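Please look over the sequence and the model first, then read the points below.

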Amino acid sequence: MRSKLFAAAAFLILPVCVLRTASAAMLRVPEDEAKRSIVNKAAPTMPAIAKQVHITGKVLVDLTVGENGSVENVDVISGNPVLSSAAVAAGKKWTFKPFLVDGKPEKALVRVTFDFGS
């Protein structure tokens with residue numbers, strides 16, 4: 001019984017370990033290099049509720065940039081949850097020149113700060 005339970009647990013944990021290893025190996029682009037590579041960026045729209053209650057602040061996100069330069073995913077690292085959805089929506093509209101490694105386009109991770117009037 002224990003061996004079956006252990007096997008089931010290992011089967012469930014293994015994919016998580018593989019995913020973490022894959023993301024850790026992703027190319028991280030320094031902020032200054034990323035800024036030089038921006039082709040198009042959208043400013044976030046302040047949510048109505050944030051305007052009404054005067055919420056300001058910064059939202060830090062990681063943009064996963066595909067080999068073609070488009071943003072594939074946006075992960076919120078920190079910031080007010082009321083503002084985070086606007087940062088994610090804006091980040092998804094950004095595009096970059098492809099990031100090259102040995103002359104070949106690579107998927108990359110770019111950290112961006114959205115400032116909501118702080």
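## Overview

The chain contains four helices and eight strands. The model is predicted. Taken in sequence order, these elements follow the pattern α-β-α-β-α-β-β-α-β-β-β-β.

**The chain as a whole**

- The chain has 118 residues, and 29% of them are buried.
- The accessible surface amounts to about 8000 Å². Carbon and sulfur atoms account for 60% of that surface.

**The four-stranded sheet**

- Four strands make an open sheet with mixed pairing, in the order E1-E8-E3-E4.
- E1 and strand E4 (71-78) are the edge strands, and each of them pairs on one side only.
- From one strand to the next, the twist averages 30 degrees.
- In general, the strands of a sheet are joined by backbone hydrogen bonds, in a parallel or an antiparallel sense.

**Pairings within the sheet**

- Strand E1 (residues 27-29) runs parallel to strand E8 (residues 108-116), and the two pair over three bridges. Val-29 has Val-110 in E8 as its bridge partner.
- Strand E3 (residues 57-65) pairs with E8 in the antiparallel sense, over nine bridges. Here the bridge partner of Val-65 is Ala-108 in E8.
- E3 is also antiparallel to E4, with six bridges between them. Leu-63 has Val-74 in E4 as its bridge partner.

**Thr-64, a residue of E3**

- Thr-64 lies in strand E3. Its relative accessible area is 9%, so Thr-64 counts as buried.
- Neighbours within four places in sequence aside, Thr-64 is in contact with Met-26, Ser-70, Val-71, Glu-72, Asn-73, Lys-107, Ala-108 and Leu-109.
- One of these contacts, Ala-108, is the bridge partner of Val-65.

**Thr-95, a residue of E5**

- Thr-95 is part of strand E5 (residues 95-96). Thr-95 is partly exposed, because its relative accessible area is 24%.
- Thr-95 and Ser-37 are separated by 58 residues in sequence, while their C-alpha atoms are 8.6 Å apart in space.
- Apart from neighbours within four places in sequence, the residues in contact with Thr-95 are Ser-37, Ile-38, Val-39, Asn-40, Gly-69 and Ser-70.
- Ser-70 is also among the contacts of Thr-64.

**Two loop residues with positive phi**

- Most residues other than glycine have a negative phi.
- His-54 is not a glycine, yet its phi is positive, near 60 degrees. His-54 sits in the loop between helix H3 (48-52) and E3. With a relative accessible area of 69%, His-54 is exposed.
- Asp-102, also not a glycine, has a positive phi of about 55 degrees. Asp-102 is in the loop between strand E6 (99-101) and strand E7 (104-106). Its relative accessibility is 77%, so Asp-102 counts as exposed.

**Points to locate in the model**

- Is Thr-64 buried or exposed? Thr-64 is buried, at 9% relative accessible area.
- Where is Asp-102 found? Asp-102 lies in the loop between E6 and E7.

Conventions
Residues are numbered from 1 along each chain as its sequence is written. This is a predicted model: local features need pLDDT of at least 70, side-chain atom pairs count only at pLDDT 80 or more; totals for chains, interfaces and linings use all residues. Side-chain values use heavy atoms; hydrogens and water are left out. Two strands pair if DSSP finds at least two bridges between them. Buried means under 20% relative accessible area, exposed over 50%, partly exposed in between (1.4 Å probe, protein chains only). Contact means heavy atoms within 4.5 Å. Accessible areas come from the Shrake-Rupley method with a 1.4 Å probe; for residues, only the protein chains shown count as cover. Axes are lines fitted to C-alpha atoms, for helices over the stretch in contact, and angles run from 0 to 180 degrees between N-to-C directions.
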